[in-house]
Amino acid sequence: MTELQEVQITEEKPLLPGQTPEMAKEAELAARILLDRGQTHSVETPYGAVTFTVYGTPKPKRPAILTYHDVGLNYKSCFQPLFQSGDMQEIIQNFVRVHVDAPGMEEGAPVYPVGYQYPSLDQLADTIPCILQYLNFSTIIGVGVGAGAYILSRYALNHQDTVEGLVLINIDPNAKGWMDWAAHKLTGLTSSIPEMILGHLFSQEELSGNSELIQKYRNIITHAPNLENIELYWNSYNNRRDLNFERGGDITLKCPVMLVVGDQAPHEEAVVECNSKLDPTQTSFLKMADSGGQPQLTQPGKLTEAFKYFLQGMGYMASSCMTRLSRSRTASLTSAASIDGSRSRARTLSQSSESGTLPSGPPGHTMEVSC
């Protein structure tokens, strides 16, 4: 028999007619730069047009990371410091990202006419399927802040099969009670809309300190050309319905969830209460020290490290190297007291710098990070 010989075939990308290898490399580089800058799209939904920006290319068998911002912000002012940080680069190389702007919040958005009926937060959640259908994405990992965290939670309750995980920063799942409404109305008589929104985003200590960050965001909100639109989004947030989470009940988040709040955040109690209502085997609670009301702005490195652990727990990025949280200087194991008799006891964990890497442990624990 004639001996068979192995023939090694090198696969090459075909060149276009008249295209040299140098030209092909330049075209590939230009395409990569375009992806890094993001591609902005707009899709019509039953509740108006929604704008979103896509970074990167879809990865096989991996969900997209989809973000939703808080009131007074857009995707850039809410998430750019986090996703442009050096620690985040490993994550963004492994996932395509979709940054959603709430209607009328995108840069250059026209001001809605007087009397325009702005969508409720529930209706904003119903626009997400239109985005995923447009992009042909089947599953997501949601990252939301404040109103955006509520919107992603509502979406996850209605579309459980399409959400693999949620990172919820400053979530308040409860509707406003009568006392909250009275306080809100009283505050509205003495404070402007920008000041009320700043009080929602940052703690009173931060606002009193008037740091460079506070000055920056006060200027962004106060001089926003679409301030009328921002007020509409703000009103929708204040008219939100109760998510009715119930531990052990039918209304709950079935996917892995990481709840995040700063130790000085105005929403700390609401997030703690939310943690008490979710499945402890699926939920991790991260309380970040010295991060104020917006940890994704003030502590992007530590939040990124926690996000990597979260992704590892979901089976992604198993070989990722962890450094920041493992350098936490304190080690403690405490129990959180029950509030109003309904909050479960939680473990608070900070890893000592002498002990190496932070143990993954089972879900349902509380990490208090203080580096």
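1. Asn-74 caps the N-terminal end of helix 2, with a side-chain oxygen 3.0 Å from the backbone nitrogen of Lys-76. Within helix 2 (residues 75-83), the buried residues are Tyr-75, Ser-77, Cys-78, Phe-79, Leu-82 and Phe-83, where buried means under 20% relative accessible area (1.4 Å probe, protein chains only). Helices are DSSP runs of H or I with at least four residues, numbered from the N terminus.

2. Please keep in mind that this is a predicted model, in which local features need pLDDT of at least 70 and side-chain atom pairs count only at pLDDT 80 or more, while totals for chains, interfaces and linings use all residues. Residues are numbered from 1 along each chain as its sequence is written, and side-chain values use heavy atoms, with hydrogens and water left out.

3. Helix 5 (residues 128-135) packs against helix 6 (residues 147-158) at an angle of about 75 degrees, their axes being 11 Å apart. Helix 5 is therefore roughly perpendicular to helix 6, a term that covers angles of 65 to 115 degrees. Ile-128, Pro-129 and Leu-132 of helix 5 meet Ile-151, Leu-152 and Tyr-155 of helix 6, contact meaning heavy atoms within 4.5 Å.

4. Thr-127 lies in the loop between helix 4 (121-125) and helix 5, and Thr-127 is buried, with a relative accessible area of 1%. Not counting residues up to four places away in sequence, Thr-127 touches Thr-45, Tyr-47 and Val-50.

Technical notes. Axes fitted to C-alpha atoms, helices over the stretch in contact; angles between N-to-C directions. Helix = DSSP H or I, 4+ residues; strand = E, 2+ residues; numbered from the N terminus. Parallel < 35°, antiparallel > 145°, perpendicular 65-115°, else oblique. Buried < 20%, exposed > 50% of the residue type's maximum accessible area, 1.4 Å probe, protein only. Polar contact = N/O pair within 3.5 Å; in protein donor to acceptor, adjacent residues only side chain to side chain.
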